[in-house]
Amino acid sequence: MEALRLILLYLHLIGFALLLGGAVAQLVTGKIRMNPAMLWGAVIQLATGIGLSAPLRDGDEPSPAKLGVKLLLAVLIFVMVFFSRKRDEVNRGHFLAVVGLTLVNAAVAVFW
């Protein structure tokens, strides 16, 4: 089971890299939109996060409150990316909110 958990964790980190890297790439290009890397990152983060929340460890599971907060943030990020993915350009505040929520989600994982 530890191998499965580590594979899910690795994929979860790849999803984070896609989501944040895609956002940085859009900020650099000047045209702010949700790109496919951000969408795939959000999907991977949500799917692997749900997989990681399964009780795969021997009594070393995170608290339900932490899992609930992370799930809420992941769903918000996914919805914000998914429903604005076809727009030619998105509002800067909306885009920065996606980036901010992504960073907050990572902070919850690390510091909680």
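Which helix gives the largest share of the nonpolar patch? That's α1, with five residues. Before I go on, a word on what we're looking at. This is a predicted model, where local features need pLDDT of at least 70 and side-chain atom pairs count only at pLDDT 80 or more, while totals for chains, interfaces and linings use all residues. Residues are numbered from 1 along each chain as its sequence is written, and side-chain values use heavy atoms, with hydrogens and water left out.

Okay, the patch. It sits on the surface and is formed by Ile-7, Tyr-10, Leu-11, Ile-14, Leu-18, Trp-40 and Val-43, with about 650 Å² of accessible area together. Areas are Shrake-Rupley with a 1.4 Å probe, and for residues only the protein chains shown count as cover. To get into a patch, a residue needs over 30% relative accessible area and no salt bridge; nonpolar side chains (Val, Leu, Ile, Met, Phe, Trp, Tyr) are joined within 5 Å, like charges within 9 Å. Both α1 (2-29) and α2 (36-52) supply at least two residues each. Helices here are DSSP runs of H or I, at least four residues, numbered from the N terminus.

Trp-40 is in α2, and it's exposed at 56% relative accessible area. Leu-18, over in α1, is partly exposed at 30%. The cut-offs are under 20% for buried, over 50% for exposed, and partly exposed in between, with a 1.4 Å probe and protein chains only.

Next, how many salt bridges does a search of the whole structure find? One. It's Arg-5 with Glu-2, closest N and O atoms 2.9 Å apart; the criterion is a side-chain nitrogen of Lys or Arg within 4 Å of a carboxyl oxygen of Asp or Glu. Both partners are in α1, three residues apart, so about one turn of the helix. Arg-5 is buried at 18%, whereas Glu-2 is partly exposed at 43%.

Last stop, the largest pocket. A pocket is an open set of points on a 1 Å grid where a 1.4 Å probe fits, with protein on both sides within 12 Å along at least five of seven lines; lining residues have an atom within 4 Å of a point. This one holds about 600 Å³. Its lining has 24 residues, and His-12, Gly-49, Leu-52, Lys-70 and Ala-109 lie nearest the centre. α3 gives the most, six residues.

Technical notes. Grid points are joined across faces, edges and corners, and a volume is the space filled by probe spheres set on the points.
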